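Dear colleague,

Please find the structure below, handed over for your study.

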Amino acid sequence: MAATEYPKDLAGAHLDPEGLAVNQAPSPHPTLAALTSAALAIPGLASLAEAATPEPRQWDLLYFHYREHGERMQVEGLKQRLVLPLGDEWDLSFNGVRDAISGASPIYNLPEIHCQDGRVITPPVLSVSGASGPPPVVDGITPERPPLGGECRVRSARQVMLEDTFQDTRTAGDFRFNHYRGDLVLGLGAGVSNEQDYDSTFASLDLRQTFNDGLTTLAAGYSLASDTLSPLNKPDFTADKTVHQFLLGMTQVLSRHELVQLNLSFNDDLGYLSDPYKNVYVLATNRAVDEARPDRRRQWNLLARYVRYVPRFQAALHLDYRYSTSDWGIDAHTLEASWIQPLGAGWTLTPRIRYYSQGEVDFYHPYLQTLPDSGHYSSDYRLAGFGAISGGLKLARALTDRVQLELAAEWYDRQSRYALQKHTDNAFSDYGFALYSLSLRWRF
């Protein structure tokens with residue numbers, strides 16, 4: 001959720017078009033070399049394509065505000081990062097984040113029954129698993145629904161929201177050592193995250209090797225996360241989850257103005273993978289029961305990135321394509337483009353646009369007639385088929401040669417009809433959000 005990280009030295013004053021020396025191997029343009037620092041951004045693994053020297057001493061501070069439309073969830077957070085070089089071969093970095101979450105979120109979908117006489121009826125809810133919310137009772141009498149299949153049929157649904165009094169706070173911190181030895185960089189990191197109902201500990205190890213006169217970099221990484229859930233709506237229930245992540249990557253400089261990058265990662269999630277706050281409504285019993293997901297998920301992710309420095313505008317173009325697929329039957333495509341444009345006098349403007357499309361998991365149902373024999377079912381809108389269009393604008397100002405200020409705004413529009421893949425219509429789940437951030441970077 002934090003603002004996207006971009007190259008550190010992209011202020012217009014630092015661009016060097018005279019770096020186009022001849023009679024040399026096609027080493028990257030200085031600006032292009034700086035762009036590689038934004039290359040690998042896989043969650044859980046550090047940025048693997050940073051320059052093969054210790055980072056300079058610096059402190060980053062970021063504030064962000066996230067708000068979903070319709071008075072749903074909102075998040076306010078503060079994140080900071082401190083980097084300390086330790087001689088010529090080591091650096092150490094610390095990250096800390098604290099954010100507050102509040103508002104309402106969907107817990108299940110209630111079908112809507114449309115009758116030929118024009119009535120629109122919602123069926124009764126006799127019980128809801130957990131303490132997510134009481135069933136709706138009018139004047140002490142639980143409403144009844146008409147028989148289906150004749151004059152009345154289910155034609156739509158609506159989301160039932162968790163109480164908007166929900167609040168939570170997340171505190172997380174991690175550290176990372178990097179060791180630089182020639183063209184080889186070895187990274188080791190670990191951290192913890194704590195919420196009222198969720199604790200996580202994680203560690204990562206990665207390796208980068210540059211060769212071919214610095215034009216080619218190969219990377220490999222592994223991370224392990226161990227999580228414990230203690231949902232507030234189930235006081236006597238705890239569950240564990242383990243996440244293994246593996247990554248292989250290659251960055252290749254094509255010319256002094258362009259590079260490409262390929263990353264392949266594999267996630268293996270084991271344990272309790274359901275959301276303890278999500279229910280599924282069952283028409284046959286008029287009850288909302290806990291969702292039930294498989295206890296293992298294997299997911300493959302591919303990232304292809306093209307970065308080009310455009311001398312005419314002294315700007316940089318980033319084009320990304322991501323593909324993801326898992327054994328839950330879901331697949332997703334992402335296309336993203338951004339243009340980093342220095343404006344002079346230390347100002348930089350970065351517009352960004354992104355399109356996302358995903359299919360639905362094999363066990364997604366907006367609601368159920370009866371419980372399926374597979375034992376797996378969910379009506380979580382995040383597992384449904386949908387598409388999303390988002391965009392953003394970032395304005396950065398180099399206040400001095402050591403201090404930079406950034407202001408960013410992003411918007412997001414999720415629509416069931418935007419999806420490319422065949423899926424169950426879930427337009428009742430559509431929503432959008434806005435994200436604003438302000439960050440400061442100080443090198444000292």
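**The disulfide and its surroundings**

Cys115 and Cys152 are both buried, where buried means under 20% relative accessible area, exposed over 50% and partly exposed in between, with a 1.4 Å probe and protein chains only. Please note that this is a predicted model, in which local features need pLDDT of at least 70, side-chain atom pairs count only at pLDDT 80 or more, and totals for chains, interfaces and linings use all residues. Residues are numbered from 1 along each chain as its sequence is written, and side-chain values use heavy atoms, with hydrogens and water left out.

The structure contains one disulfide, a term for a pair of cysteine sulfur atoms within 2.5 Å. This bond joins Cys115 to Cys152, with an S to S distance of 2.0 Å. The torsion about the S-S bond of Cys115 and Cys152 is about 110°, so the disulfide is right-handed. The pair links distant parts of the chain, 37 residues apart: Cys115 lies in strand S4 (residues 106-115) and Cys152 in strand S7 (residues 152-161). Strands (E, at least two residues) and helices (H or I, at least four) are DSSP runs, numbered from the N terminus.

**Paired strands**

Two strands pair if DSSP finds at least two bridges between them. Strand S1 (residues 58-68) pairs with strand S2 (residues 74-86) in the antiparallel sense over 10 bridges, and Trp59 stands opposite Leu82 in S2. In their hairpin, five residues lie between the strands, and Gly70 takes a positive phi near 80°.

S2 also runs antiparallel to strand S3 (residues 90-102), joined by 13 bridges.

Yours sincerely
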